[in-house]
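The sequence and structure are shown below.

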Amino acid sequence: MSSIATSVPKPARITGLELDARIVIGGSLLAIVVLAAVVGPQVVPHDPLELNLDRRLEGPSAAFLLGTDEIGRDILSRLLTGLRPALLAGVAAVLVAAVAGTLIGLSAAFIGGLYETVSMRIVDLLLAWPAVFLALGIVLLIGPGPLNVILAIGIAETPVFARLTRSIALGQLQGEHVEAARSMGASGARIMRLHILPFAVVPLVVQLAIAAPIAFISEASLSFLGLGSQPPQASLGSMLSGAQEYLAIAPTYTIFPAVVIAILVLSLTVLADGVQDALDPRHIRKAR
Amino acid sequence: MGRYTLRRLLQFAPTLFLASVLVFLVIVSAPGDPARIKLGMEATDEQIAIERARLGLDDPLPVRYLTWVSDVARFDLGRSFQSNRPVTDVITTAFGYTARLAAAAGVLGIVLGLSLGIVAALNRGKRLDNAISAWAAAVLSVPSFVSGMLLILVFAVALRWLPPSGAGEPDDFASQMRALVLPALALGFPFAAILARFMRGALIEVLGQDYVLTARAKGLRPATIIGHHEVRNALIPTVTVMGIGLGSLLAGAVVVETVFSYPGLGRLVVSSIFNRDYPVVQAGLILGSAVFLGMSLLADLAYGLLDPRIALARAQE
């Protein structure tokens, strides 16, 4: 009889993560960026909105470590204050996507029938549209602005989470542990929360890691296009669209924001790659 | 094979319907009263009421949907508020530029991505493989508008080899091609990086298969094994990614075209959003959606062509 007991599946747990080099490198880079975003606004050398009209488009100097923009604002200070909203927007967008996607996926698997067919058709349809294009359409609908951009990117990334959760839930619904819970009179909500959701945690974490850099790139792209936070607020993407006109005169104005965006996204991608490999059961099996 | 294609085409119909309803709902709920936008601020309420009735804005939604679908099917999308030219003209001109850019970036991405992926997989774990992986990670970490600006900085501002923006002189083919180089690089590199990563993974999966061992045991030449048994099979999953990737090239074009002031569809749609030129935005949404859906359908069909097992299994469903 013990064979029945052992056949009950257990969700994979995030324990003893192999400390992959990519997790260490990506994690520490990301920690530096986050630290800069948290502490930065308190230690900025200048007011990010302060104009110095006689010192426009200067290169790096002792007074302005990374130079100034077209109306003499300090680029370092603007970068440091622009980082926090960029990080918050990316995180918020991914969380919106994860929560909405998980709810849609779970309910589709559980309710089934027409609801499942229609909701999954819509999800498939949204998957066929690239995130930036979808976000553009949503921003058109609800107007530009930082919060709307978060919502737009969140909606654009929801379908992947919904598909993922639904496929995991469908697999687990067949399981004996669900049947057992059901026979003991557990409610649908309880089954989903205690007997299905735990199996989705690890894949969802992996998907979060994959979705985060995409969300940051989308946010930067939308603010570059002018649809995100509005001037004079500093944002990484809109700084670059301002810098573009002065590429020939003040190349450092473009280079520094570009480097910051690249470091932010690179740290996330490297970290995501590491997390994905460390948590992917296929990979672990292969490695052994 | 024929049955599989037919089934996929039939399944496409409800998707198309759903997509058109979604696009219609977005357009209907976009802010602003089209009649007021069309007549301007000085129009009286009475004039607006007449215009609303003329445009059919007071009809029930299903009726408006049907009118809208038949307009779209006849390519009658109205006139641009800004230039007063028929929207179809404005859009097709811009789409021609975008198609040219996407084609250049797509060819670059496929050739470069597949070759790098194959080279990386065949040299798995060696320095070359690591270098290619690092390149792919770096390319994917830089948003296309950032890499575009860096390309302008190096090749247009510092070296003065290529123009920084525009699409070249209208009658000068060479200048048009020169203007295409930098945007195509900015757009094509991320696509190449995605394909290289995917091809590498798919090929490594194939390398351990029994039929590869058999081929080797039969004494086939390594080139035959790689080309016929390994790459061909690794291509099957890669083609799907390619289909999705080609669609996202068009989305990436929105950003890249803005960076390079390239007169394509993406820049047109973005500037029309700012100018509240709704007929143009609407046409851009419809065309974009049609292309994205068409791409995923094509990828699906190609999938069945490359792998007869899939067509067979799905036909029997």
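## Interface between the chains

In this predicted model, 31 residues of chain A are in contact with 36 residues of chain B. On the chain B side, at least two residues come from each of helix H1 (2-29), helix H6 (127-141), helix H7 (144-158), helix H10 (222-259), helix H11 (265-274) and helix H12 (278-306). Sorted by class, the side of chain B that touches chain A comprises 27 nonpolar and nine polar residues, with no charged residues.

## Packing of H10(B) and H11(B)

Two packed helices are described by the angle between their axes and by the distance between those axes. For H10(B) and H11(B), the angle is about 85° and the axes are 7 Å apart. Because angles of 65 to 115 degrees count as roughly perpendicular, H10(B) is roughly perpendicular to H11(B).

H10(B) contributes B:Ala253, B:Val254, B:Glu257 and B:Thr258 to this contact, where they meet B:Gly266, B:Arg267, B:Val269 and B:Val270 of H11(B). Four residues of the contact of H10(B) with H11(B) are nonpolar, two are polar and two are charged.

## Overall architecture of chain B

Chain B contains 13 helices and zero strands. Its C-alpha trace spans about 85 × 60 × 35 Å along the principal axes.

Of the 317 residues in chain B, 36% are buried. Among contacts in chain B between residues at least 6 apart in sequence, those joining residues at least 24 apart account for 72%.

Definitions and conventions. Residues are numbered from 1 along each chain as its sequence is written. Chains are lettered from A and ligands numbered from 1 in the order in which they are written. This is a predicted model: local features need pLDDT of at least 70, side-chain atom pairs count only at pLDDT 80 or more; totals for chains, interfaces and linings use all residues. Two residues are in contact if their C-beta atoms, placed from the backbone, lie within 7 Å. Helices (H or I, at least four residues) and strands (E, at least two) are DSSP runs, numbered from the N terminus. Ala, Val, Leu, Ile, Met, Phe, Trp, Tyr, Cys and Pro count as nonpolar, Asp, Glu, Lys and Arg as charged, and the others, Gly among them, as polar. Axes are lines fitted to C-alpha atoms, for helices over the stretch in contact, and angles run from 0 to 180 degrees between N-to-C directions. Angles under 35 degrees count as roughly parallel, over 145 as roughly antiparallel, 65 to 115 as roughly perpendicular and the rest as oblique. A residue is buried if 20 or more other C-beta atoms lie within 10 Å of its own, exposed if 12 or fewer, and partly exposed in between; C-beta atoms are placed from the backbone.
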